[in-house]
Amino acid sequence: MNLNIALVPGDGIGPEVLDQNVLVLNKIGEKFGHSFKYTEVDAGGIAIDKWGEPLPKKTIDICKASDSVFLAAVGGWKWDTLPGDMRPERALLGLRGELGLYANLRPATLHKSLADACPLKPELVKDGVDIMVVRELTGGMYFGEKGRKQTDMGEAAWDTEMYSVEEVKRIARSAFDIAMKRKKKLTNVDKQNVLESSRLWRSVVLEVAKEYPEVELDHLYVDNASMQLIMRPSTFDVIVTSNIFGDILSDEASQMTGSIGMLPSASLGKGSLGMYEPVHGSAPDIAGKDIANPIATILSGAMMLKYSFGLAEEANAIENSVTKVLDEGYRTADIMSEGMKKVGTKEMGRLIIDRI
Ligand code: IPM
Ligand code: MG
């Protein structure tokens with residue numbers, strides 16, 4: 001295949017973890033006979049510095065014209081005091097919205113050899129952890145009407161949580177489809193005891209469930225879900241939830257994997273164009289030191305091959321290589337434990353490439 005990939009290195013550790021991913025993809029291209037062509041574009045803090053805005057139109061246009069988009073990380077202290085619309089994070093939300101990427105897949109898998117890095121007691125994870133969080137990504141209060149006004153209590157601000165039937169239907173279908181390819185278990189997470197938007201959400205999920213009689217469906221309120229995730233992580237398969245609840249629960253789930261540096265993600269819409277990014281942020285405190293964990297980024301590359309290009313064998317080659325490197329005891333600082341071999345960002349990349 002000949003594929004055009006837009007690269008968004010962004011800020012902080014973004015460029016250095018992305019470099020490793022490109023080297024991995026090039027190795028895959030060589031081995032399996034594909035050609036990947038990359039176009040680098042600016043978004044986030046670097047775009048604010050260079051172009052005066054977090055998401056220039058040129059970036060959006062190039063991303064839209066590509067076969068897929070790979071984003072490393074955006075944000076940093078330097079831009080933290082800018083108004084909401086000018087913050088680097090706007091680039092992320094803008095790209096998700098512009099590209100229509102409503103389904104965000106965040107798989108939290110605990111590699112056996114990383115059990116020590118997981119903060120939960122060993123008996124809680126002895127049966128393994130393999131959870132797919134399906135987060136709605138272009139609706140809810142991240143995209144709803146927001147504003148400020150004066151009240152008797154002084155200045156006030158609001159964000160609106162709103163979901164339409166169609167928005168819930170399509171994310172529910174994505175989640176059921178994924179559950180059908182896994183253990184056929186789906187947990188819907190909402191807050192329907194309190195929120196009207198959750199009541200509509202729940203009723204639509206129940207409607208869509210009729211199309212998937214083989215999938216075992218249960219429901220949890222988000223507060224309870226956050227507790228159950230810690231108490232019985234091994235019993236979850238697929239979780240479907242709203243934008244804000246998914247943001248929170250996917251960070252929680254990331255800890256089951258040992259480190260947020262392990263968690264990849266895919267953001268998908270109607271077509272094959274997707275955006276792939278590690279779940280972690282730009283970590284400005286460790287940027288440029290060659291200590292960041294590139295695995296979340298490299299595994300996001302594997303998700304791109306699988307979900308956008310249908311290259312399952314190539315994706316497996318990357319995943320197996322990561323498992324091998326971990327089994328051999330190599331660790332970046334975030335997942336380091338006693339007796340293991342500590343390596344930097346580049347060395348971790350090289351080890352993974354060597355085993356593909
Ligand atoms: C994530 C991040 C983003 C989000 C931020 C940086 C806008 O936390 O991808 O989980 O909230 O979606
Ligand atoms: Mg988040």
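In the predicted model, an oxygen atom of ligand 1 is placed 2.9 Å from an N or O atom in the side chain of Asp-247, a polar contact being a pair of N or O atoms within 3.5 Å. Taken alone, ligand 1 exposes 320 Å², of which the protein buries 76% (Shrake-Rupley method, 1.4 Å probe). Arg-106 places a polar side-chain atom 2.8 Å from an oxygen atom of ligand 1, and for an N or O atom in the side chain of Arg-96 the distance to a ligand oxygen is 2.7 Å.

The shell (residues with a heavy atom within 4 Å) consists of Glu-89, Leu-92, Arg-96, Arg-106, Arg-135, Tyr-142 and Asp-247. Five of these residues are charged, two are nonpolar and none is polar. Helix α4 (residues 89-98) supplies the largest share, three residues. Because domain 1 (1-107 + 262-356) and domain 2 (119-257) both contribute to the shell, ligand 1 lies between them.

Local features require pLDDT of at least 70 and side-chain atom pairs 80 or more, whereas totals for chains, interfaces and linings use all residues. Side-chain values use heavy atoms, without hydrogens and water, and residues are numbered from 1 along each chain as its sequence is written.

Note on methods:
Chains are lettered from A and ligands numbered from 1 in the order in which they are written. A polar contact is a pair of N or O atoms within 3.5 Å; within protein, one must be able to donate a hydrogen and the other to accept it, and residues adjacent in sequence count only if both atoms are side-chain atoms. Helices (H or I, at least four residues) and strands (E, at least two) are DSSP runs, numbered from the N terminus. Ala, Val, Leu, Ile, Met, Phe, Trp, Tyr, Cys and Pro count as nonpolar, Asp, Glu, Lys and Arg as charged, and the others, Gly among them, as polar. Domain bounds come from an automatic or database domain assignment.
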